[in-house]
Every structure is written in C-alpha cells, then in structure tokens.
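Dear colleague,

Here is the structure for your files. Please look it over alongside the notes that follow.

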Amino acid sequence: MKIKTRLSLLFSAIFGIILLAFIIVIYHVYSNKCHDIYFDRLHINAALKVDLIDGEIIDPNILHLLYENAPENYVPQVAIYDKDRKTVYHDKQNLLSKNEVQKVINQTLTKGECRLWYNNYQIYSFLIEGSKGDYVVTATGYDENGFDQLQTLKIVLCIAYLIIMLFIIFALRIFIRQAFSPISLMVDKVKNITKSQQLDIRLDEGNQKDELSELAVTFNQMLTKIETSFEAQKQFFYNISHELRTPLAAIITELELSKSKDMKRENYEESIDLALHDAKRLAKLYTGLLDMAKTNYRRSEIAMHEVRLDELLLEVCRKIQKYNSTYTANLFFDKEECDDDRLVSILGNEYLLSVAFSNIIDNGCKYSPDKMCEVHISYESSRVIIRIVDHGIGIKEDEQSSIFTPFFRGSNKDFTQGNGIGLSLSRKIIEIHDGSITFESKPGLSIFHVSLRNIFPE
C-alpha cells in the first residue's frame, strides 16, 4: 500500500472517530436535556393536580373522569398517595405493580424525589406538602414529541456525518496528492536519471527551506559524489589501460623481433633484458594497484598495532638501497636519538606504512641527480614528524597541487620512468593512519612533511 493511500485512510479514520465522538456527545447532551425538560413537565403537571385536589377546587372523582379517557401517550398519568401509602387519587391504572409502587414511595420518602425509567416511560416521583398533609406524587408519561425529535436528530446527525466524511476523504485525497506531488516529481526525475544514466541531471531544490528541499539538496549532493566517482573511475581505467598498454606492447615487440630473425647471443640477451625490464614495470604497477585497493578498506578492516617509526624508516632505507645500488637514503634524528620508543611509536599497519614511505623516499632518490634522499624524524608532544628531503629538479608550482592525483605525472616525467601511483597511494595510507602529508618544492629542493599521531603522547 502506498504512503498516500495509507495516510488518507489513517487521517480519515482519525477524523471519523473524532467526529463520531463529537456527534455522540452532542446527541447525548441534547437527549438528556429533552428528558430533563419532560421530567419538569411531569413535575408541573402533577403539582397542579395536587393543588386542585388538596384545595378542594375539584372533586377527585370528577378529575378522574376527565383524564380517564385521555390518550395515554400524550397526557401524563398522575397518582397521589398520602403518608400512609393510601391512594388519594390516580388518573389511570398505574403501569407499575404494587410492589414497584411501594418501592418508589419508599425511595421518595427517603430522598424527597426520584426519577425513574420504565421501558420508554418516564416516572417522576416527589414529596409535596399540602394543606391537609404531605403527599407522595408520581407522574408517568411517554415523551412522544421528545422521542420524535431525538429520532429526527439522530437521522440528521448520521446524514451529516456521512456527508462530512465523504467531503473529508475527498479533501484529504486532494491535499495529500498535492503534498506528495513534489515527491512524485522527484521519483519521476530519478527514474529518468536511472534510465538515461545522465548523472549530471539534478532535482529541483525548491525554496531550500522545507524538508523536501533538504531531501533534494542531499540527493543532488549524492549525485555529485556519484558523478565524481564515475568520472574518477573512468579516468582510472583509462590511465590503467594506458599504463598497461605501453610495457605490454614493448614486450610483445621485443619477443616478436627476437622470434622473427636470427640474432647474436648479445642481441638476444639485450631483447630479454628489455622484456624483463618492462615485465618488472608491469609487476610494480600490479603491486601498486593491489596496495591502492587495500587503502580503500575501512580502517576497522586493517590490522593495526604499535609501530616504531625510526626502526621502520631504517628498514625502508636499507631495502631501497639494496634494490637499487645507485640510491642513497640517510636517516637523521632532528633531536637527540630517541631512547624512549614511545615518543616515535604510532598505531598503524607496518606493511602499508612501509609502502607509503618507500614510495616517497624512492621518488626523492629517483628525481635527484645525485640519487640521494634525506629522511629526518622528530617528535612533539602528540605527533611524530617525518621530513623527506631531496635536492632534485623539483616540481613546477602550478603542478604541485596535482602530485597526489592518481596517475598524474608532471612535466619532468621524461627525467625518469614511473606510473604516477606512488604518491597518491602514500597520501591515502597516511590519511588512513589519521595523519597528514604536505609538499613544498623549488628548483634544487623538495620536501615532504608527514605528521602522524603519537600513540603515547606526553
């Protein structure tokens, strides 16, 4: 069931119950008022007959003859008793039995008056003082006009209830349809976006003051993020394809060339070396992509433990110099050498941190004419600070903001080979560890600043 239908039924039921309760209260109040008025009429009618008989204005027998043939449903029937419960006067035979009459007389003598119902007949009994003594008077009558009025009122209220409910249901459907029209427009537009796959379409944000406008704004923001992600994904696959195509084409060319003609041993070895170089380049790209995939995990999915950064950086420098004998990476303590390992310890993943610092240090050595890079480590009250410094060719100022973009390579890309993954991967790893990385460069000097939270702050 749609929300519009459910809301229509819900509000109709609530309003119907409230209106029904209001009508019942009105009918009940009016009914009680009618009955009270008729009880007063019975009282007045009976009191007049007591005055006539007690004052000997008319003989009881004559009065009895006058009312004996009166229509029962229109004229109240009166009975008068003295304190000894003897009948002084009555219009007709009482509807009540003798036992019931005695109970009414007893109740009247006790309370002074009583109001009773016998089927649809109203009985009013009261104690009155006359010149010849006290009397117990009962008046019995059927309020035919009152019941007719109540029946008419009941019919009118029922018809009014049905008409009002039909009007309310109709009005609610129009109101709810109008209230939900912005949502319906949103749904239709989202369906069109889904069908056309045009992520640049945006919902109408209206006045940006109500909840629907907030929903539209939030949805548009989500679309913007999705569109950005899709564009980044397309660019990523384009870059991947380009990076893979070049070494693969080179390997295929070298192998086909070696197969197509007889060459000397030295030529074969040269072709194998070239193919091996491109294969290693592919392997490095593959490893970088795997590491980049790991950085897309949530922090809770990555194993974290205590890592001492000075030892990790020493190991990274040693590996870089081992794999490339032309590189030199030296580690320096900007403060006195740390004997308290807590000052340079962080909570992190040792493998990912090694990848991050290896990429930055390797990048520094790669772009330095002397193939040398300096790694400086220091600490503050709650942070561990690492600076990677090289005296290479530097990066142009207008390109520095893009160095952490995946597959970006600056105008100095011809200086050495690379795939543009390393620095973007390093920044992701640093951010996963709640750290920050910044870069400054000028000709002859480039510095990466890395700040990580200390696990044991002072």
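**Overall make-up**

The protein chain has nine helices and twelve strands; helices (H or I, at least four residues) and strands (E, at least two) are DSSP runs, numbered from the N terminus. This is a predicted model, in which local features need pLDDT of at least 70 and side-chain atom pairs count only at pLDDT 80 or more, while totals for chains, interfaces and linings use all residues. Residues are numbered from 1 along each chain as its sequence is written, and side-chain values use heavy atoms, with hydrogens and water left out.

Of the 458 residues in the protein chain, 35% are buried (under 20% relative accessible area; exposed is over 50%, partly exposed in between; 1.4 Å probe, protein chains only). The accessible surface of the protein chain is about 28,200 Å² (Shrake-Rupley method, 1.4 Å probe; for residues, only the protein chains shown count as cover). Carbon and sulfur atoms account for 57% of that surface. Among contacts (heavy atoms within 4.5 Å) between residues at least 6 apart in sequence, 66% join residues at least 24 apart.

**Two residues**

Thr140 belongs to strand E5 (residues 133-141). Thr140 counts as buried because its relative accessibility is 8%. Beyond its neighbours within four places in sequence, Thr140 contacts Leu42, Pro76, Gln77, Leu95, Tyr121, Gln122 and Ile123.

Ile14 is part of helix H1 (residues 3-54). Its relative accessibility is 40%, so Ile14 counts as partly exposed.

Regards
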